[in-house]
Amino acid sequence: MRATRVRTAVETAIAIANLRFAYPDGVQALRGVDLTIAAGEKVALLGPNGAGKTTLLLHLNGILRGKGDIHIMGRPLSNGTLKHIRAQVGLVFENPDDQLFSPTVFDDVAFGPLYMGLPKEEVLARVRLALEQVGMAGFEERLPHHLSLGQKKRIAIATVLSMSPAILALDEPFSSLDPGARGELMRLLQALPQTMIVSTHHIPIIRHLFPRTVVMDEGRVAADGDTEAILADTALLEAHGLEVS
């Protein structure tokens, strides 16, 4: 079930061609991934553990560099475009403690805009807007490590929203959250306008939030298409170690 999508550079957010990557221990994590995502799409990335989902997300802003071609918003990912592309792709890790390292929430959310060299007034405005977007206004002086997991995940998203990215790439954002926090985060993501690619195992959230689903297994794209059609294909899901719950 592979959807063929032909996009022009103007309307394409992510274009990946024959992406391959092996870790230093020899594990082949990506084995020729081809994937195109249009601007404004919200796409779920589904697959068993070890399928290559996180490795793929880490390639989108150059944290990992494999073989193949990646274009972000029409620009090829290269040493010369890396800084620009990292401002375009907001990558949110599964564990927010990997993303929050500053003394206060304000410092964490301001880090990206300061790195971009923006003037103080612009940094302040971006921090204020990002915290409002994630429902965390008023938390500027709080210590990140004193927050709940759900609050930390919201702040982690704010740290990338403050850079005004065109694309959000989130790795298991719903993991370890209680049902209430999952619902809050789902509503937040639904309201954000960015192109989105999200790795998650939460089938009800995939069904509700993502019109398109990409199934990965053993470093390859195994299926790509309409979410309802993929989730209804029990043979496909079982073949890749997945089940609808």
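This section describes the sheet, the salt bridges and a surface patch of a predicted model. Local features were considered at pLDDT of at least 70 and side-chain atom pairs only at pLDDT 80 or more, whereas totals for chains, interfaces and linings use all residues. Residues are numbered from 1 along each chain as its sequence is written, and side-chain values use heavy atoms, with hydrogens and water left out.

Six strands form an open sheet with mixed pairing, in the order β6-β7-β8-β3-β9-β10. Its edge strands, β6 and β10 (220–226), each pair on one side only. On average, neighbouring strands are turned by 15° against each other, direction ignored. Strands are DSSP runs (E, at least two residues), as are helices (H or I, at least four), numbered from the N terminus; pairing requires at least two DSSP bridges between two strands. Strands β7 (residues 167–171) and β8 (residues 195–199) pair in the parallel sense over five bridges, and leucine 170 stands opposite valine 198 in β8. Helix α5 (residues 149–161) lies across β6 and β7 and runs at about 160° to β6. Axes are lines fitted to C-alpha atoms, for helices over the stretch in contact (heavy atoms within 4.5 Å), and angles run from 0 to 180 degrees between N-to-C directions.

Six salt bridges were found in the whole structure, each defined by a side-chain nitrogen of Lys or Arg within 4 Å of a carboxyl oxygen of Asp or Glu. In one of them, the closest N and O atoms of aspartate 97 and lysine 152 are 3.1 Å apart. This pair links the loop between β6 and α3 to helix α5, across 55 residues. Aspartate 97 is partly exposed, at 43% relative accessibility, but lysine 152 is buried, at 11% (buried, under 20%; exposed, over 50%; partly exposed, in between; 1.4 Å probe, protein chains only). Within helix α4 (residues 120–133), arginine 126 and glutamate 122 lie four residues apart and form a salt bridge of 2.9 Å, N to O.

Aspartate 224 and arginine 212 form a further salt bridge, with closest N and O atoms 2.8 Å apart. Shared partners join Glu41, Arg212 and Asp224 into one network.

On the surface, Phe101, Phe111 and Tyr115 form a nonpolar patch with about 370 Å² of accessible area together. Areas come from the Shrake-Rupley method with a 1.4 Å probe, only the protein chains shown counting as cover for residues. Patches are made of residues with over 30% relative accessible area and no salt bridge, joining like charges within 9 Å and nonpolar side chains (Val, Leu, Ile, Met, Phe, Trp, Tyr) within 5 Å. Phenylalanine 101 lies in the loop between β6 (89–92) and α3 (105–115) and is exposed, at 55% relative accessibility.
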